[in-house]
Amino acid sequence: MKLLITGIGLWSATAANWQEFLEPTIDSESAIRKLPANDLVPAAERRRMPKTAKLAIEVATQACSMADIDIQTITSVFTSQIADTEITDYLCRALAAPVKSMSPTKFHNSVQNAPGGYWAIGAKNHMPCNYVSGFRECWQTGLLEAAIQCVTEDRPVLLANYDLACKPPLADVFPATEDFACALVLETATSNKAGIEIEIRIANGDVT
């Protein structure tokens, strides 16, 4: 499948967007970024948003802006290696405690497609929105899902990936040390737009 990447979004502790990642400065490399304060989601919902949703929405917005794509009309695919580890850790500790008391908001945000739900609310987007899991192969799996939708439906597709820094004991399974998120807007090679050309193939069960 031949495709174009027409938009890229990125956020990390030292780069707030794709341009900063490509052209880091001394200041940006030493800066510790706070979580993005994207105001796309209404304040009432924004107060309850988990970190994963904030990261996903920030990079999704960046990618759509670069691609000059209407956020209300783009199909989306969200993916993560191990989803919201902060909430997973909280839920496990709450269930193991002698008195099992749990925050309704955290439980509400524990589902893996929560970031996609907040994105749909904020962007007023009623298009299909999938969540794809795959642990260490989540990026390849998500890319394949987004590419297939893009080609078969001949429409732009947003792919957003996010993960959080992980603390013990989950760090033994997923040793991520920083919050990170990135997003791509994929379009067909016949879209006549400027972008990075890529070709996706499946070889021996691997996406290349």
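1. Helix 4 passes helix 7 in a right-handed crossing. The model is a predicted one. Helix 4 covers residues 51–67 and helix 7 covers residues 114–123; their axes come within 9 Å and cross at roughly 50°. On the helix 4 side, the contact is made by Thr-52, Ala-53, Ala-56, Ile-57, Ala-60, Thr-61 and Cys-64. Helix 7 contributes Pro-115, Tyr-118 and Trp-119.

2. Helix 5 runs over residues 85–96, which makes 12 residues. From its first C-alpha to its last, helix 5 reaches 16 Å, close to the 16 Å expected at 1.5 Å a residue. The N-terminal end of helix 5 is capped by Asp-84, with a side-chain oxygen 3.2 Å from the backbone nitrogen of Glu-86.

3. Which residues of helix 5 are buried? They are Thr-85, Ile-87, Leu-91 and Ala-94. Helix 6 (104–108) is included in what covers the buried residues of helix 5.

4. Ala-176 sits in the loop between strand 4 (157–163) and strand 5 (180–188). Is Ala-176 buried or exposed? Its relative accessible area is 16%, and the cut-off for buried is under 20%, so Ala-176 counts as buried. Apart from neighbours within four places in sequence, Ala-176 is in contact with Leu-164, Ala-165 and Cys-166.

5. Ala-176 can also be placed relative to Met-66. The two residues are 110 residues apart in sequence, and their C-alpha atoms are 28 Å apart in space.

How values were computed: Residues numbered from 1 in each chain as written. Predicted model: local features only at pLDDT ≥ 70, side-chain atom pairs only at ≥ 80, totals over all residues. Heavy atoms only, no water. Helix = DSSP H or I, 4+ residues; strand = E, 2+ residues; numbered from the N terminus. Buried < 20%, exposed > 50% of the residue type's maximum accessible area, 1.4 Å probe, protein only. Contact = heavy atoms within 4.5 Å. Expected span 1.5 Å × (residues − 1). Polar contact = N/O pair within 3.5 Å; in protein donor to acceptor, adjacent residues only side chain to side chain. Axes fitted to C-alpha atoms, helices over the stretch in contact; angles between N-to-C directions. Left-handed = near helix turned anticlockwise from the far one by under 90°.
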